[in-house]
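Here's a quick briefing to read with the model open beside you. It goes from the overall picture to a few helices, then to some backbone spots worth a look.

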Amino acid sequence: MTTIAIKFPDGNTREYPKGVSGLDIAKSISNGLLREALAVEVNGEVWDLSRAINTDAQVRILKWNDIGGKDTYWHSTAHLMAEAVESIFPGAKFGVGPSIDAGFYYDIDLGGHTLSPEDLSKIEQKMLELAKGDSQIVREEKNWEDAITYFKKKNDSYKLELLDELKGQIITFYHSGKFTDLCAGPHLPSIGKVKAIKLLSVAGAYWRGDEKNKMLQRIYGISFPTQKELDEYLFRIEEAKRRDHRKLGKELDLFVFHDIAPGAPFWLPNGMIVFRELEKFLRYELDGSGYQEISTPILVKKELWEQSGHWDHYKENMFYFEHDDATFSLKPMNCPESTYVYRHRMRSYKDLPLRYSEIGRLHRNEISGALGGMFRVRQITMDDAHIYCRPDQILDEINSLILLVERFYSIFGLKPEYNLSTRPEGAMGDPKLWEEAESGLMKALEHNKIKYNLKPKDGAFYGPKIDVQIQDALGREWQIATIQLDFVMLPERFELEYVAEDGSRKRPVAIHRAIFGSFERFMGIITEHFSGSFPTWLSPHQTIVLPITDSHIEYAGKVYQALKNAGVRVELDDRNEKVNYKIREWEMKKASYMLVVGDKECNSNAVSVRQHKKGDIGVMPLDKFVDKILEEINLKTLTI
RNA sequence: GCUGAAGUAGCUCAGUGGUAGAGCAGCUGAUUCGUAAUCAGCAGGUCGUGGGUUCAACUCCCACCUUCAGCUCCA
């Protein structure tokens, strides 16, 4: 019998007979591992545990905590769901059914039937029933012609279309129970490992993501090895919904939306306090970083967009109308207009870099289905800036931009994820310039020890970019900051020039950048990030003074005035209510501090301090509290 | 834009063809109170909008608007 050498992650190597399976290997190590094993990684590829290994290999047994393990688990659950759907709705046709970050989905064509919530629970029940049967999941290799014959017989046009692209390759089928699917795998050895299942939602999804194709019904679900883990997951989802900015925005009177202005918020006084603090912080930082603030018109003639290229490429996202024989549009971006500031006089190489910042109000006609709370609006307040510099200044500028971004996010305790996008197909400009720029961006990121994901060919048509992404409460990703190099759109199309040292005319490079992305989206993100409990510097209610009875109102007024004079946002709650009542109310409004004042405090010039989420933190002299809160505000201390 | 779901008092929600309901918030009064809800009373609605069916529509039908989930798009 021939043997093969299996190398493990810890570096050990063991001999096994040729054709050994992951299952055999797990069993040879321990029963515990056998129980937990879901899949096996063979030379970096995830395989079925039951698949025979015929050559020397680097092997790792994948468990629930491994991404490959979870993927396999969820993918198999998707097949289980398909089996249940097929048994309840005979003749159902299946699109694709992969695992996703959290769970799985399957796209299904049920002819005329629309799935209802009742159908989902019926399918769920059926799945649990089938899982108990613990049928084996069997992998089968087929040649292409046989695969075609199978799905022709089943009349499944979707699978036939998928097969079309796999012509000539070895096709794999997976059989689980009565369900057979075209699938690359891998899968669990048997379906009984799936113990707890929840089908979450059903939504339309175009076949292959193309709106010209038929819309299939997509069922989303998730599964776990134990009911406890499922319950915990569902609880986390509920938690996330509780911190949804749309809910908190309403509860905390930050902003509201109204039918009368779809996709545009009405900022309420409390929301405007946060907005203004963000603006103040931004302006302070930019003033210290060599920026000059500009403001350009919201309503401009379409000729501008023709010149910038937006009229050709972005018109469907723009609002425009006729007036006095001209077409006017609301600006969807600030960049083209910033060139008018650059061009308003002759620029010397000594003037560069010119850093123009603009808090600009933009309007973009997002399609109705894309709108969503503050995360996707039609009216956007952008913290934009355009830096015009010489090519030899790019690296320095990018470097300081990265530092700026890092500093901003650390203030909020946000952990951003960086993406570097490179030259797309059909990009404009000299490829050599692109390469230099891309490696410049990489160098700047690496210099600052920043990890990033490379997104090849995902850059703008005019230059490469660094995007910063962040996840919302529900795990959806949103882009916030962006740093984009531009050799073409602004410099070329608007014929920007500077006079070089030798008197010749040269073309500057433009850098487009935003840090918050937009005030709206950023507001949504930090509302969820802080669950509405903003750090004191941002908090709409920094301090509330609570006199216990009418006899303490006079002293409470002094406390109020002292804080007011110190520049703290303070409110005096002298309503005729019990202290408990007021505390509950302000706690729900997430006020940072409450100062309870009664006889004791009146007599000693003190305040009894209650901090949001922490409760009573004791009595302290009024002066000391003023110092404490001012320090917290000035240092922008994180209070979560 | 597409598929599905939803829209009832300021908010959260009940109400399956026969006189629109609750809790909270609001207002008035009483209560003067030490770290998450004091009590009582009052007021509050063109049931998203517009049509239709019916003796009668919040309820059934049609169209539209908005929101939500997802798809798609994102210079």
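A quick term to start with: two residues are in contact when they have heavy atoms within 4.5 Å. With that in hand, what covers the buried residues of H7? The cover includes strand S14 (196-206) and strand S15 (215-224). Helices (H or I, at least four residues) and strands (E, at least two) are DSSP runs, numbered from the N terminus. Buried means under 20% relative accessible area, exposed means over 50%, and partly exposed is in between (1.4 Å probe, protein chains only).

This is a predicted model, in which local features need pLDDT of at least 70 and side-chain atom pairs count only at pLDDT 80 or more, while totals for chains, interfaces and linings use all residues. Residues are numbered from 1 along each chain as its sequence is written, chains are lettered from A and ligands numbered from 1 in the order written, and side-chain values use heavy atoms, with hydrogens and water left out.

**The whole chain**

- Chain A has 19 helices and 35 strands, and its C-alpha trace spans about 90 × 75 × 55 Å along the principal axes.
- Of the 640 residues in chain A, 50% are buried.
- Take the contacts in chain A between residues at least 6 apart in sequence: 67% of them join residues at least 24 apart.
- The accessible surface of chain A is about 31200 Å² (Shrake-Rupley method, 1.4 Å probe), and carbon and sulfur atoms account for 50% of that surface.
- Chain A carries 86 positive and 96 negative charges, and their mean positions sit 2 Å apart. Here Lys and Arg count as positive and Asp and Glu as negative, with His and the chain ends not counted; each charge is placed at NZ of Lys, CZ of Arg, CG of Asp or CD of Glu.

- H7 (residues 227-242) has 16 residues and reaches 23 Å from its first C-alpha to its last, close to the 22 Å expected at 1.5 Å a residue. The expected span is 1.5 Å times one less than the number of residues.
- Leu230, Tyr233 and Ala240 are buried in H7. They cover an arc of only 80° around the axis, which puts them on the same side of H7; the arc is that of the directions from the helix axis to the C-beta atoms.
- Isoleucine 219 belongs to strand S15 and counts as buried, at 0% relative accessibility.
- Isoleucine 219 and valine 202 are 17 residues apart in sequence, yet 4.4 Å apart in space, C-alpha to C-alpha.
- Setting aside neighbours within four places in sequence, the contacts of isoleucine 219 include Met81, Phe104, Tyr106, Leu120, Leu199 and Val202.

- Which residues of H16 are buried? They are Tyr555, Ala556, Val559 and Leu563. These cover an arc of only 105° around the axis, so they end up on the same side of H16.
- An α-helix has 3.6 residues a turn, so residues three or four places apart point the same way.
- Glu554, Lys558 and Asn565 are exposed on the face of H16 turned away from its buried side.
- The cover over the buried residues of H16 includes strand S31 (543-547), strand S33 (593-597) and helix H19 (622-634).
- Just after H16, glycine 567 takes a positive phi of about 90°.

**Helix H15, mostly covered**

- In H15 (residues 519-529), 10 of the 11 residues are buried, among them Glu520, Arg521 and Glu528.
- Just after H15, serine 531 has a positive phi of about 45°.

- The peptide bond from leucine 352 to proline 353 is cis, with omega near 0°; proline 353 is in the loop between helix H12 (335-343) and S22.
- Aspartate 324 has a positive phi, near 50°, and is in the loop between strand S20 (320-323) and strand S21 (326-330). It counts as exposed at 64% relative accessibility.
- Glutamate 495 has a positive phi, near 50°, in the loop between strand S27 (477-486) and strand S28 (498-499). Its relative accessible area is 57%, so it is exposed.
- Serine 368, in the loop between strand S22 (354-363) and strand S23 (379-389), is exposed, with a relative accessible area of 59%.
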